[in-house]
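Biologist: I would like to learn how to read some features of a protein model. Please take me through them one at a time.
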Amino acid sequence: MTTTELWTLIPLLILACGSVLVLMLGAIVPGRCGTAIGVAACAGTALWALLAPPQPMAPPTLGVTFTPFARFFLAFFAVTAGLSLLLAHDHAARQGLKGEEYPATVLFGAFGMGVVASAANFLTLFLGLEALTFAFYILVAYDHNRPASGEAGLKYLLMGAVSAAFVAFGIALLYGATGTLEIGRAVAASAAGGGIALAGWGLLLAGLAFKISLAPAHLWTPDIYQGGPTPVVAFLASGSKGAAIALFLLILPPLGGIGPLRAPLWGLAFLSMTVGNLAALLQPNVKRMLAYSSVAQMGYVALALLSGGRGYEAAAFYAVAYGAMGLAAFGALASLEGETPLEQVDDLRGLGYHRPFQGVVLAVAMLALAGIPPTVGFAGKFAIFFAALKGGEAPLAIIGILTAAASAYYYLRVVVNLYMKQADEAGSRQRPTVAEALSLGIAALAIIILGIWPGPLFDLAAAILL
Amino acid sequence: MSQFPLISVMTFLPLLGVVLLFFVPKQSHSAQRGLALLVALATFVVSLPIVTGFQSNAEFQFVEKVPWIAAGPFQMNYHVAIDGISIWLVILTTFIMPIAILSTWTAVENKVKEYMICLLLLEVGMLGAFVSLDLFLFYIFWEVMLIPMYFIIGIWGGKNKIYAAVKFFIYTMVGSLLMLIALVVLYFKGGAGDFSVLRFYDLALDPATQTWLFLAFALAFAIKVPMFPLHTWLPDAHTEAPTAGSVILAAVLLKMGTYGFVRFAMPLFPDATAQFTPLIAVLSVIGIVYAALVAMVQEDVKKLVAYSSVAHLGYVMLGVFALNQQGLSGGMLQMLNHGVSTGALFLIVGFIYERRHTRLITDFGGLAKQMPIFATIFMIVTLSSIGLPGTNGFVGEFLILIGSYESELRWYAVIGTSGVILAAVYMLWMFQRVMFGELNNPKNQTLTDLNAREIVIMLPLLVLIFVMGVYPTPFIDKMSPSLEKLIVHVKSKQTAKAQIPQIPAPQALPAAVLPVEHK
């Protein structure tokens, strides 16, 4: 192994070794140092990804690269994983979830995401995707005290297996059509390739639609979001969605024009925006509602991807934006949960006054998801609709913006319950612990600061996609 | 620009108040009220040099332009300035805020700190929207106004507060999101550059594009005005909002809509303005007459005043779209008048509601005997609202009617005039039922007259009612160069006026919004 290869691999190694270390320490000194090691590993990865000097291109045989694109997403995944770990630490204690496997699996999931973002060929891409999905099979089912968690895990496993099959078959067909697994070359060659390449793209798109939960492949999302432990859902929403967006951004730009993929992607974007937003309108369960909201939000991302050009930058920006919003929303819910999970929107009544910090964070997240300035949700939506109009997708942009207006209703329902209704019983919900407050504070600050000052992140998104 | 950033200081001074409020202990309500009042007064004082330093010409003054977001796909500037169109609206805002804060001195006992924070944030949004010359910045401030108002209605409102707050939010949001799309399209049409509205003024857009963009902008503004038939959120919002909320809503927020027409929709899309003038005039006149008729049968004083707002704003729209000097200055003046008179009316409704906790007309009667000071003030404000000569309402309405009579909107003006009579009917009838007659309700026999605080709140408004009624010249003088420039601009750019304009078929939409390639 050359030094170049080693340097390329270091951020991934930190995550993987961190994961193993947490597991092994659990056997030797069972305690609760898993989170600390995990957060340290995440911080190390993020710092390495951001600060390490640029490396020469690793040989293609390695299968991963350390491009600016990979660095950007590695840092993002490491930060989301770290914040999720902080959220999970006290939440797990409250819900009686023991074991080092929890933080170890989160780290392993982050490792999978990092592999996806730095993949140079389709094989590592697939392995990374499977690694992160496997981590979530475990994490979603981790809450053994609640049957719903196990049920969610099973559903996610079945759906994930199906989608993995689609993705694998799609990759196989692309390989067959182009004769190479290297992403850039295979994608570029497939543009000229005939029916087989097209079939490959179709299957790939179908599989990825599952991963990113675009309607009509979204049906698993509400169940998983409702059943899974809330910090896991926060990680799922921010990290896993980000990984899927990164995957799209790896394979779509080399394609040049989006060509025959336009029609199916158009349909997916349209269905996601309408179905997601309409289904969320009357959903009384807050986590299911946020699940449908995530379907809709990914519909906006699909719109950005469809538009190409500036749209890719908008999608990268929105990955980060949605990451911050997802962490803030689910994180706030997680930090409110004691032994019993928080299920209904009604359960939030009056919490804005009894638990002001979490209330503010949740309200900020809701307003950001609704796309109200000056939040990152607005900046992201603006970039998406900007790119869509520029890319000539005016009808879909208008549909999108109308559904966004409708979505304000259900996001406001949360705010209404937080601030405009009286609580039945005061004080039954948790106050935030230090770790949770830190995590929520970072997410909420990111929402506001990136909303007022989005310029640097836009620059970064443009730079990594060059 | 090395000079003192007056506008920014004024706009963001309330934000400083918000920060300071965070450090005031939760229980010391009077400290919170005092601090908020102090900040609002300071903002008013800071805003005064804008009037004294304003040169009566058509140029933008006190300009501040700083690059803000110059990255990724777009470029925005923090670009603010004042001209004759915005100057009085800014002053109206800073003037009405201390009054609004004083008005709920005793009415809001719950979550005072949050209430004051909302009010001050609202002031930032309103001032920002009036001074922004960058469309993107304007949009941000426009939306920023929405959230504090939503909380003010939703938390401190009446029985149906949640319904009213959500309705208010959704209505405004639908309109503004379409405006956002139009704004982006406009940016593409303008080629490379920033979002400065001054740059967009010079664009030569083809009439079909103008039609669509105008519709998108006009929808956002028409909802805010509100114009018939988009007015239904207003009575709910007004009725449920606490007094300060109603006052600000009437005095300033509604003006955002009419200001939007004058600043953006009309000069940006001159051809579409010509094309839609008849439609807007029809809706304005319907608004005037319909709202007056509805106001007449209201049982609730606050609802009555809310509907009278719709009628008043109908006049403003009529005057603005007459697009001549009288009509426009009348319209602009009427915006201020409406802010003063209707603001005062809502304060008055607040006074009796605080005493009796009802607003039904039938619960009152004969109050004049019990509350003579209140009766006098109420009478003056009522007369100003119906436009009695000598009060401010008269000047505005008169100019509007003259202006629109001399324009193409002659017959609309004739019908609109009936609204003046109807206004006198519903206002005076309400006044009569509330203030005169037998004082036979025992609960009303113990009512106390206005206290010193309440009189202090009303005094500046009363002074303005007479000053603006007797000597409106200074107000008009500062506005008229800008208005003249606007009229010349819009009329000179109306190219397609000769031919009969046609609304393009829906399939023309993609062509209309296809971006122009950057050169």
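Biologist: In which helix do A:Arg310 and A:Glu313 both lie, and how many residues apart are they?

Modeller: Some ground rules come before that. This is a predicted model, in which local features need pLDDT of at least 70 and side-chain atom pairs count only at pLDDT 80 or more, while totals for chains, interfaces and linings use all residues. Residues are numbered from 1 along each chain as its sequence is written, chains are lettered from A and ligands numbered from 1 in the order in which they are written, and side-chain values use heavy atoms, with hydrogens and water left out.

Modeller: Helices (H or I, at least four residues) and strands (E, at least two) are DSSP runs, numbered from the N terminus. A:Arg310 and A:Glu313 both lie in helix 13 of chain A (residues 310-336), three residues apart, which is about one turn of the helix.

Biologist: What joins the side chains of A:Arg310 and A:Glu313?

Modeller: A salt bridge is a side-chain nitrogen of Lys or Arg within 4 Å of a carboxyl oxygen of Asp or Glu. A:Arg310 and A:Glu313 form one, at 3.3 Å from N to O.

Biologist: Is A:Glu313 buried or exposed?

Modeller: Buried means under 20% relative accessible area, exposed means over 50%, and partly exposed lies in between (1.4 Å probe, protein chains only). A:Glu313 is buried because its relative accessibility is 12%, whereas A:Arg310, at 32%, is partly exposed. Salt bridges that share partners join A:Glu151, A:Lys155, A:Asp223 and A:Arg288 into one network.

Biologist: Where in chain A do A:Lys155 and A:Glu151 lie?

Modeller: Both are in helix 6 (residues 147-178) of chain A, four residues apart.

Biologist: How many residues does each chain bring to the contact?

Modeller: Contact means heavy atoms within 4.5 Å. Chain B brings 39 residues and chain A brings 37. Buried area is the accessible area (1.4 Å probe) that two parts lose on being put together, summed over both. Here it is about 3600 Å², and carbon and sulfur atoms give 85% of that.

Biologist: Which peptide bond near B:Pro226 is cis, and where does B:Pro226 lie?

Modeller: Most residues other than glycine have a negative phi, and most peptide bonds are trans. The bond from B:Val225 to B:Pro226 is cis, with omega near -10 degrees. B:Pro226 lies in the loop between helix 8 (207-224) and helix 9 (233-240) of chain B. B:Phe228 and B:Pro229 are also joined by a cis peptide bond, with omega about 0 degrees, and B:Pro229 lies in the loop between helix 8 and helix 9 of chain B.

Biologist: What is the phi of A:Ser213?

Modeller: A:Ser213 is not a glycine, yet its phi is positive, about 50 degrees. A:Ser213 sits in the loop between helix 8 (195-212) and helix 9 (220-227) of chain A, and at 0% relative accessibility this residue counts as buried.
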